[in-house]
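User: I have a structure open and would like to talk through how it is put together. Can we go piece by piece?
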Amino acid sequence: MPRRSRRAAALALLFCAVVTYSQTPILGFTPTSAAREAEIESKYKSIPSPDEERRQHHIFTAEPHVAGSARNNELARYIADEWRNEGLEDVVIRRYDVYGSNPKSTSLEMVAPVHYRAGLRELPIPGDPDSKNKKIGSAWSGMSASGEATAALVYAHSGNPEDYELLRKKGIDVKGKVVLVRYSNPYSYRGFKALTAEREGAAALLIYSDPAEDGYKKGKVDPNGPWGPEYHIQRGAITYDFMVPGDPLTPGWASIPGAKRIPVEEAVSIPKIMALPLSWHDAKPLLAQMDGPLAPDDWQGGLPFKYHLGGGRVRVHVKIEMDNSTQPYYVVEGRIGGVEAPDEWIVLGNHRDAWVFGGVDPSSGTAALMEMTRAFGKLAKEGIRPRRTLIFCSWDGEEVGLTGSTEWGEQFANELRDRAVAYINVDEATSGPDFHGQAVASLAPLLVEATRTLQDPAGKSLYEAWKESTARERAAARQSEPVTDLNLADTRIGSGSDHTVFLNFIGMPVLGLGFEGPYGVYHSAYDDFFWMNHFGDPGYRYHTLMSQLWGVLALRLANADLLPFDFAGYAANIREFVNEMAKGKDLSRLDLKPVLAAINDFEVAGKRLKESVGRSLASGTIDRKLAGTINHGMMQAERNWLNPEGIPGRPWFKHILYGARFTYAHLELPGLTEAVEKQDWAAAKQQAEILRQALDRNTQLLQELNATLR
Ligand SMILES: [Zn+2]
């Protein structure tokens, strides 16, 4: 996917902690190891090249490669072959048999007051040879229901619950009708629009791309600029993966061949409503004919007429036939075994499947992945191997429901909970030059530090470039908060990409990396090689930088003497989460003092451990066995945030600090926050107690590690 909620996020306004950085040159390394690490990193960084990034990107974007297609499976075999040649070990292709969702036929007609048949196609654009490819599919929504309806059309703005409230006030009921909504800015996941329309009793949902959101109202459109042209269709899934991601028929376990499956009727993540995405070319004739009340000012869009809510004059016929037969998805996995701690794993992944060519999403990330594995393979052939094991994965079916990564994570959950250090996700590697880095708070200092050692193509360090673009964005969003090392990384992590299973189900610390810019062709056929070469990253320099950054982070996690987790910083971040949750609310019926006290204890334990770690590293030598004990202990800290029962109503999501709303927007302290929002004080008290206990577990863990280390 991913469309993050970051832009919509209210950034933290409260800063309570002063995090002191370790005196060692690289977090987690003794001076001697740091010197060696710097040498390895500079060798590593010299390998990825813009020409190779471009060559790989061309291979991955040559044909449409949606999940389950022959081409996408061929690319899986290609990746496996490349990895074997590069020197990766244990390269395997893992198969998952999942509930399929492919279109057999889709159609949309306006039957009154005039006849119009929607083309549901993207016409070729001048200069872009790929846009003529005959294999480009039509418009469809992943996991749409099959069916047929002829009904009146209602315009429901973004299709959020408050939009239907307004319609009700205007006397418009959507029950049995077809609802036309637009993609929203800030982004909200289309599956949430589908669920909302389904709950309202609508017969079908049409989602179109208004030129005000991602088209000519923003700037020049493809092929003259990066924004979406008249015919672009934002495909995408409407799967209710905010309830449970992955194969809908195997919630919580892997869809390996022969696995037990639940009946389709019991699958909570399968929508029961028909849905179809539209270009503005196909939405325009419908909107132009609508009668009924004038839509409010903020519901008006970029088309050259006034939008109306729909008084019954426009009637449409929607027919959708999906093929839901079981189909195989393939995850490619390869590794470079660690020489000292082979049972400590750093997992690195990107999804391979694309709605069409996947220029940005995901093939920019796939090209960066391939250059990263080539570089690690080359180092390994020269005898430079990581201390810990690196595991590389090419996911499948991310676009359908985060499917491949979820099934793989579920299959290896026990091993991962025991052995995993962290997961680093790259989905869209580059749609422009502005860096966005996400990290759980314990790894935010690692991310910030790594960017200091990398060169941005604009001529400064990536760190400087990141700070500048972040300051610009915050100014544009009228956020007065200054950019500092402590708030540079985005620590509010929602859903919408392959990190979800690792963070929310397995309890692994995660990082997410991407370079962004104006990008109006998301999930359309125009997101392709041409677009990347003209707008996204013409010189492939940001692709190269991504391979460098991704690899440097992997190397630091793989080679550190003592893992660079900052638990004091984590505590400060959790305190912010609590304060943000409490802000402006009457919490007289909920006592948060025990939680805040537990956060303080955790922070003190984190500071003490950091001091001990700093002293050990500065001393220059650390006993291997002792380091193994400390590292394994630190790896368990993230697991301690899991509640085996999950958050109320969504048992699959087990992390008590991070969750996502149905829109995919980040949701901190999900169980507690949702209980407070519902004013369910009994549940809130229970969730606060679960949080306090987890904090106590981690305080105790850090105290024990500190005692062992001292
Ligand atoms: Zn993606």
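User: Which residue in β16 does valine 426 stand opposite?
Analyst: Valine 426 stands opposite leucine 513 in β16, bearing in mind that this is a predicted model. Strand β14, residues 420-430, and strand β16, residues 510-516, run parallel and are joined by five bridges.

User: And what order do the strands of the open sheet come in?
Analyst: The open sheet consists of seven strands with mixed pairing, in the order β1-β11-β13-β12-β14-β16-β15. Its edge strands, each pairing on one side only, are β1 (89-99) and β15 (434-439), and from one strand to the next the twist averages 20°.

User: Which strands does helix α10 lie across?
Analyst: Helix α10, residues 403-411, lies across β1, β11 (326-336), β12 (341-351) and β13 (388-395), and runs at about 110° to β1.

User: Switching to helices, at what angle do α2 and α8 pack?
Analyst: Helix α2 (residues 50-60) packs against helix α8 (residues 363-381) at an angle of about 130°, the axes being 8 Å apart, and the two are therefore oblique to each other. Residues making the contact include Glu52, Gln56 and Phe60 of α2 together with Thr366, Met370 and Arg374 of α8.

User: How many residues does the largest nonpolar core have?
Analyst: That core has 223 residues, and among those with the most contacts inside it are Trp408, Leu513 and Tyr570.

User: What is tyrosine 570 in contact with, leaving aside neighbours within four places in sequence?
Analyst: With those neighbours left aside, tyrosine 570 is in contact with Val440, Ala441, Ser442, Phe602, Glu638, Trp641, His655, Leu657 and Tyr658.

Conventions
Residues are numbered from 1 along each chain as its sequence is written. This is a predicted model: local features need pLDDT of at least 70, side-chain atom pairs count only at pLDDT 80 or more; totals for chains, interfaces and linings use all residues. Side-chain values use heavy atoms; hydrogens and water are left out. A nonpolar core is a set of buried Ala, Val, Leu, Ile, Met, Phe, Trp, Tyr and Cys residues joined through side-chain atoms within 4.5 Å. Buried means under 20% relative accessible area, exposed over 50%, partly exposed in between (1.4 Å probe, protein chains only). Contact means heavy atoms within 4.5 Å. Two strands pair if DSSP finds at least two bridges between them. Helices (H or I, at least four residues) and strands (E, at least two) are DSSP runs, numbered from the N terminus. Axes are lines fitted to C-alpha atoms, for helices over the stretch in contact, and angles run from 0 to 180 degrees between N-to-C directions. Angles under 35 degrees count as roughly parallel, over 145 as roughly antiparallel, 65 to 115 as roughly perpendicular and the rest as oblique.
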